[in-house]
Amino acid sequence: DFNAQQPTYPSGTHVAVVEVDTETGEARLLRLVACDDAGRVLNPLLAEGQRHGGLAQGAAQALFEEVAFDADGNPLTTNFADYAFPSAAELPSFELVDFPTPTLVNPHGAKGIGESGTIGSTPAVQNAVCDALAHLGVRHVDMPCTPERVWRAIQSSSA
């Protein structure tokens, strides 16, 4: 057994580029770059897969996924026809940048990488949508940034 004397501190930054159709409100993710420090990565293939899956999940949360309920609390998104999520066609190739800073907390120098994709990509995509609309006076769009929500934000800011 190994008990670390203190936690490790992985870190990173994510940057997203989106394109927004102001006529329809559709936001399309064009580019997502993730730079992560997971210390010494022990299994690069698994770490890369973990990051890719997290990036897709985070982008999906920002642009598509929502559980909706009616006024009585009944779920409206009860199957995959009602619950939007992206396919590979809606996602760009992700760009991964490694920035390893081994930790001294454990003998391997490893840190965590498990949640890095979802933690960084969701706000990166959300903020990219808001930034793309800033010139129109839009300051915020609730997640997920569905075409309807984006369109309504544009209409509200121009009114």
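How many aromatic pairs does the chain hold? The count comes to one aromatic pair, shown in the last view below; the model is predicted.

**View 1. Overview of the chain, with three helices and three strands.** From the N terminus on, the elements follow the order β-β-α-β-α-α. Along the principal axes, the C-alpha atoms fill a box of roughly 60 × 40 × 30 Å. Of the 159 residues in the chain, 36% are buried. Among contacts between residues at least 6 apart in sequence, 63% join residues at least 24 apart.

**View 2. Crossing of helix H1 (residues 44-63) with helix H2 (residues 116-133).** The two helix axes come within 7 Å and cross at roughly 35°. The crossing of H1 past H2 is right-handed. On the H1 side the contact is made by Arg51, Gly54, Leu55, Gln57, Gly58, Ala59, Gln61, Ala62 and Leu63. H2 contributes Ser116, Gly117, Thr118, Ser121, Thr122, Val125, Gln126 and Val129. By residue class, the contact of H1 with H2 comprises six nonpolar, 10 polar and one charged.

**View 3. The largest nonpolar core, with 24 residues.** Leu29, Val125, Val129, Leu133 and Val150 have the most contacts inside this core. Strand E1 (11-20), strand E2 (27-37), H1, H2 and helix H3 (147-158) each supply at least two of its residues. The largest share, five residues, comes from H2.

**View 4. Surroundings of Val125, one of the core residues with the most contacts.** Leaving aside residues up to four places away in sequence, Val125 touches Ala16, Val18, Leu29, Leu32, Ala59, Ala62 and Leu63. Val125 is also one of the H2 residues in the contact with H1, and Ala59, Ala62 and Leu63 are among those on the H1 side.

**View 5. The peptide bond from Met143 to Pro144.** This bond is cis, with omega near -10°. Most peptide bonds are trans. Pro144 lies in the loop between H2 and H3.

**View 6. The aromatic pair of Phe80 and Phe85.** The two rings are edge-to-face, 5.2 Å centre to centre, with 75° between the planes. Is Phe80 buried or exposed? Phe80 counts as exposed because its relative accessibility is 66%, and the cut-off for exposed is over 50%. Phe85, at 43% relative accessibility, counts as partly exposed.

Conventions: Residues numbered from 1 in each chain as written. Predicted model: local features only at pLDDT ≥ 70, side-chain atom pairs only at ≥ 80, totals over all residues. Heavy atoms only, no water. Axes fitted to C-alpha atoms, helices over the stretch in contact; angles between N-to-C directions. Helix = DSSP H or I, 4+ residues; strand = E, 2+ residues; numbered from the N terminus. Left-handed = near helix turned anticlockwise from the far one by under 90°. Contact = heavy atoms within 4.5 Å. Nonpolar A, V, L, I, M, F, W, Y, C, P; charged D, E, K, R; others polar. Core = buried A, V, L, I, M, F, W, Y, C linked by side-chain atoms within 4.5 Å. Buried < 20%, exposed > 50% of the residue type's maximum accessible area, 1.4 Å probe, protein only. Phe/Tyr/Trp six-rings, centres within 6.5 Å; stacked < 30°, edge-to-face > 60°.
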